[in-house]
2 protein chains.
Amino acid sequence: WLKACKRQIHDPSRRWKHLSLMSEEEPWCRHLSPADHVQCVAICGGTHGDERNGVYLGREFAKRQGPVGGDDGFELVVVETNVEATKANRRYVEEDLNRCFTCKDLDDQTLTLYEQRRAKEINQLLGPKTSPTPKADFVLDLHNTTAATGVALFLHPRDKFAMGLAAFLQSIDPTVQVALWANRDVMLLPSVGRSGMTFEVGPVSIKCLDAKLYAQSKLLIEASLRYFTAHNCARKRSVDGEVVGERRRQSLRCFQMIRAVPFPRDYDKELLGMIHPTVDGKDFTALKGSDPVFSMFDGSEKTLQDMIEVTDDEVYPYLINEASYYEKDTAFLIGRRVEYDVEVLVM
Amino acid sequence: WLKACKRQIHDPSRRWKHLSLMSEEEPWCRHLSPADHVQCVAICGGTHGDERNGVYLGREFAKRQGPVGGDDGFELVVVETNVEATKANRRYVEEDLNRCFTCKDLDDQTLTLYEQRRAKEINQLLGPKTSPTPKADFVLDLHNTTAATGVALFLHPRDKFAMGLAAFLQSIDPTVQVALWANRDVMLLPSVGRSGMTFEVGPVSIKCLDAKLYAQSKLLIEASLRYFTAHNCARKRSVDGEVVGERRRQSLRCFQMIRAVPFPRDYDKELLGMIHPTVDGKDFTALKGSDPVFSMFDGSEKTLQDMIEVTDDEVYPYLINEASYYEKDTAFLIGRRVEYDVEVLVM
């Protein structure tokens, strides 16, 4: 608390600036900027209890909890978010925790399922989401998927700070993919921090650990922590009036979500087919409307345009064959390739 | 029933022969031989409710239920075995169904959990296991695993008929692997038939469908059905006194289970490491005692001989990183390579 007070005293413009940037209708839109000091970073594991790489990575970083990175560093907080589901090795107990974080739902006292209550606790711990200065400046939420995404970062299309970090991570590991949430208040856990991202890693079977993807993730999380310190360091020099060429502009390739593609089903909602073998495992690979996307049990095929209206020449499927998406009737998501100019710290 | 009676009238030696082969202590050991007519074949799906390739393959073959293969054919019966778990898309409701089929447990009326009751029903439907002439002559039980087994057939080391079928399937698809159960009364569902096998296919994430492995499995199941008809046909010609060179002797490469290898854990049973990336995904690939098999969270490695006593020069791991094995504290099984001389129908 003392620290937080000091921050406001030393940087009186901070509170005002963010209040001015935030519209009353969009209290969730208060992402970090180059001028902001990163005071607190949260790593979250176990938001889905059966995504075990994330759970164990979280536990590993929990050992390093506390001040990180010296004078220009920050406070590292690690939270096991869905405690009961993690204990039970299940995705969730009563409700998908990662669907409980819209401002509206956090404010709704009639929502009292375990995960809905836990969302409110996490909002107190790392947010609040409607505050211009939430406790966590950046939330890194560790997930796994049965889809072959590799390491994919999911973030808000207006969060330029998270985009800069994503571009930095891509520069040290070119396999990293970036996908963007919808441009609105999202229901996802990392949105309680000022900035944040979902760190989605696959393919990892639910309930299993994958050592290779674990090692790759760990390197990238450690690089992220270095980035926050470097950011604080560059910001201080900038405040001190030093001329610095510490940021470069860079084009970041992202996938902007268009929609979910449903499974082919009969009138009783029974599956009529499977994701086509030429699509399965090929996350972020271009797809045309005329490409087969489902292999039907009767031996026929269905193309993308048999299933949905396709207006783009090419779209990019991802989160293909994610286990939990069957209950949401989603075979995969499709996105369109977009480029954003972002500022990346030179490290 | 009329058919069954006719069988006994036309082949009076059958009942006696089997009674003589079966010892009173081993009523479960009554596998098919070249002299036996295959009257009834059962395909089982959904023994584990979240192994969806098996569930949907079962449903596909259910459409063909009934007489198969003409005069020399057989009755095809398809059973969705763990109905409630399949509905819930879970491995099991109260107890792993595929651990409920020892003669002792089937006989124990105090075992009344859902799966224990269902096991008794299946035993009535396809067995009984203690009968020399159970209703199903062959049980093909369709499973999936998160391990990279490809198509692996698991069967009883004394079941020469199942071995012959396995060798035939290997001849049409050389990627097929064969592993042997322990040489005793096993607790597995397919053991209620006279002969049988577990058809284990992976990697498939639990709760997911995999179209490529589905197509491969379907071809092999269809080939199995042709094999049963060809067997009946060859047997009839042999009974009729025709000289036939319809069987060839062949060496079948199998893996005989030695033991399960546990995960490294601390005193609180917490995991201390993960399956090593050089082992994960490498089912049925030779392993030496000095090879690393676990990648520890602290950065160190553990070799196979750090974990267990290894007397063989080389062993073969399989069912590596199977999701359900975490709760059984099994990282993988190891086996030894053995060769069996088997008789295979020439088709």
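These legends describe close-up views of a predicted model.

The model is predicted, so local features need pLDDT of at least 70 and side-chain atom pairs count only at pLDDT 80 or more, while totals for chains, interfaces and linings use all residues. Residues are numbered from 1 along each chain as its sequence is written, chains are lettered from A and ligands numbered from 1 in the order in which they are written, and side-chain values use heavy atoms, without hydrogens and water.

**View 1**
Strand β7 covers residues 195-202 of chain A, and 8 of its 8 residues are buried, so the rest of the structure largely encloses it. Buried means under 20% relative accessible area, exposed over 50%, and partly exposed in between (1.4 Å probe, protein chains only). Helices (H or I, at least four residues) and strands (E, at least two) are DSSP runs, numbered from the N terminus. In a regular strand the side chains alternate between the two faces of the sheet. Here A:S195, A:M197, A:F199 and A:V201 point one way; A:G196, A:T198, A:E200 and A:G202 point the other way. Strand β4 (residues 138-144) of chain A pairs with β7(A) in the parallel sense over 7 bridges. Two strands pair if DSSP finds at least two bridges between them. A:H143 stands opposite A:E200. Strand β5 (residues 150-155) of chain A pairs with β7(A) in the antiparallel sense over 5 bridges. There, A:G150 faces A:G202.

**View 1. The largest nonpolar core.**
This core has 142 residues. A nonpolar core is a set of buried Ala, Val, Leu, Ile, Met, Phe, Trp, Tyr and Cys residues joined through side-chain atoms within 4.5 Å. A:F138, A:F332, B:F138 and B:F332 have the most contacts inside it. Beyond its neighbours within four places in sequence, B:F138 is in contact (heavy atoms within 4.5 Å) with residues including B:L32, B:F161, B:M197 and B:F228.

**View 2. Aromatic pairs.**
Over all chains there are 30 aromatic pairs. Rings of Phe, Tyr and Trp (its six-membered ring) pair if their centres lie within 6.5 Å; planes under 30 degrees apart count as stacked, over 60 as edge-to-face and the rest as tilted. The ring centres of A:F255 and A:Y316 are 5.1 Å apart and their planes are at 50°, so this pair is tilted. A:F255 lies in strand β8 and A:Y316 in strand β12 of chain A, so the pair ties together parts 61 residues apart in sequence. A:F255 and A:Y316 are buried. A:F297 and B:Y214 have ring centres 5.5 Å apart and planes at 40°, so that pair is tilted too. This pair crosses between chains, from the loop between β10 and β11 of chain A to helix α8 of chain B.

Most residues other than glycine have a negative phi, and most peptide bonds are trans. A cis peptide bond joins A:G127 and A:P128, with omega about 0°. Another cis bond joins B:G202 and B:P203, with omega about 5°. A:K269 has a positive phi, near 70°. A:K269 is exposed, with a relative accessible area of 62%. B:F284 also has phi near 70°. B:F284 is buried, at 8% relative accessibility.
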